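These are my notebook entries on one structure. I set down what I looked up, entry by entry.

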Amino acid sequence: MSDTATARLVHGSTLGNLLIEANRTGVTSVAFTDELPIGPTGENATAREHLETAADQLDEYLTGERQQFTVPMDPTDMSAFDREVLQTLDATTGYGRTITYGALTRRLGRGPADARKIGGALARNRLLILLPCHRVIGADGSLTGYAGGLPVKRALLDLESAEFLLPLGR
């Protein structure tokens, strides 16, 4: 189980407000929120440092200055299956690249019947943007669901690849 000494921050980004949570080990959650931006809260200085590092790295990513995240992450609250799916996606589908659900399923050594399970793991991603579930697309190249909404998914893919040239917006 993850470290319970948590800190949180609502960070205003170009794509909307992001609720970022962290513990002593690393960032535990990044999610879009309607909450207004607030500075870091929480008593643990290390957790607060992780928040500030995550916010800085997300800003760098959203301005095109960063392609990889180095902030420590703590995915221990995810199931082992969800961690495997997200870590495989992150390790094998780099910046500017996309992958289909079927190809990710095969990369994980699973059969076609598991594609929905893998889709579920992506839908439960608690570390949006940091673990790039936005890079998974439909077999026909269509954009499929994203916790931040399809306009945000389009914006993230457009940011990463000049080939997409999709409109920004939320």
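**Basis.** I am working with a predicted model, in which local features need pLDDT of at least 70 and side-chain atom pairs count only at pLDDT 80 or more, while totals for chains, interfaces and linings use all residues. Residues are numbered from 1 along each chain as its sequence is written, and side-chain values use heavy atoms, with hydrogens and water left out. I took helices (H or I, at least four residues) and strands (E, at least two) as DSSP runs, numbered from the N terminus.

**The sheet.** I looked up the strand order and found an open sheet of four strands, β3-β2-β1-β4, with antiparallel pairing. Two strands are said to pair if DSSP finds at least two bridges between them. At the edges I noted β3 (27–33) and β4 (38–41), each of which pairs on one side only. On average, neighbouring strands are turned by 20° against each other, direction ignored; axes are lines fitted to C-alpha atoms, for helices over the stretch in contact, and angles run from 0 to 180 degrees between N-to-C directions.

**Strand β1.** I followed β1 (residues 7–13) to β2 (residues 16–22) and counted seven bridges in the antiparallel sense. A hairpin of two residues joins β1 to β2. Two of the bridge partners I looked up are Leu-19 for Val-10 and Leu-18 for His-11. Towards β4, I found two bridges from β1, again antiparallel, and here Val-10 stands opposite Ile-38. Five of the seven residues of β1 are buried, where buried means under 20% relative accessible area, exposed over 50%, and partly exposed in between (1.4 Å probe, protein chains only).

**Helix α1 on the sheet.** I checked what α1 (residues 45–62) packs on: the helix touches β1, β2, β3 and β4 of the sheet, and its direction makes about 20° with that of β1. Contact here means heavy atoms within 4.5 Å.

**Helix α2.** I recorded 13 residues (80–92) and a reach of 18 Å from the first C-alpha to the last, close to the 18 Å expected at 1.5 Å a residue; the expected span is 1.5 Å times one less than the number of residues. Asp-82, Val-85, Leu-86, Thr-88 and Leu-89 are its buried residues. They lie on the same side of α2 because they cover an arc of only 160° around the axis, an arc taken from the directions from the helix axis to the C-beta atoms. These buried residues pack against β5 (99–100), α3 (101–107), α4 and β6. On the face turned away from the buried side I found the exposed residues Ala-80 and Ala-91.

**Helix α5.** Among the buried residues of α5 (residues 150–160) I noted Val-152, Ala-155 and Leu-156. Their cover includes β3, α1 and β6.

**Ser-29.** I located Ser-29 in strand β3; its relative accessible area is 8%, so Ser-29 counts as buried. Leaving aside residues up to four places away in sequence, Ser-29 touches Leu-19, Ile-20, Glu-21, Arg-126 and Leu-127. Its side chain reaches the backbone oxygen of Arg-126 at 3.5 Å.

**Ile-129.** I looked up Ile-129 in the loop between α4 (115–123) and β6 (136–137). Although Ile-129 is not a glycine, its phi is positive, at about 70°. Ile-129 counts as buried because its relative accessibility is 2%.

Note on methods:
Polar contact = N/O pair within 3.5 Å; in protein donor to acceptor, adjacent residues only side chain to side chain.
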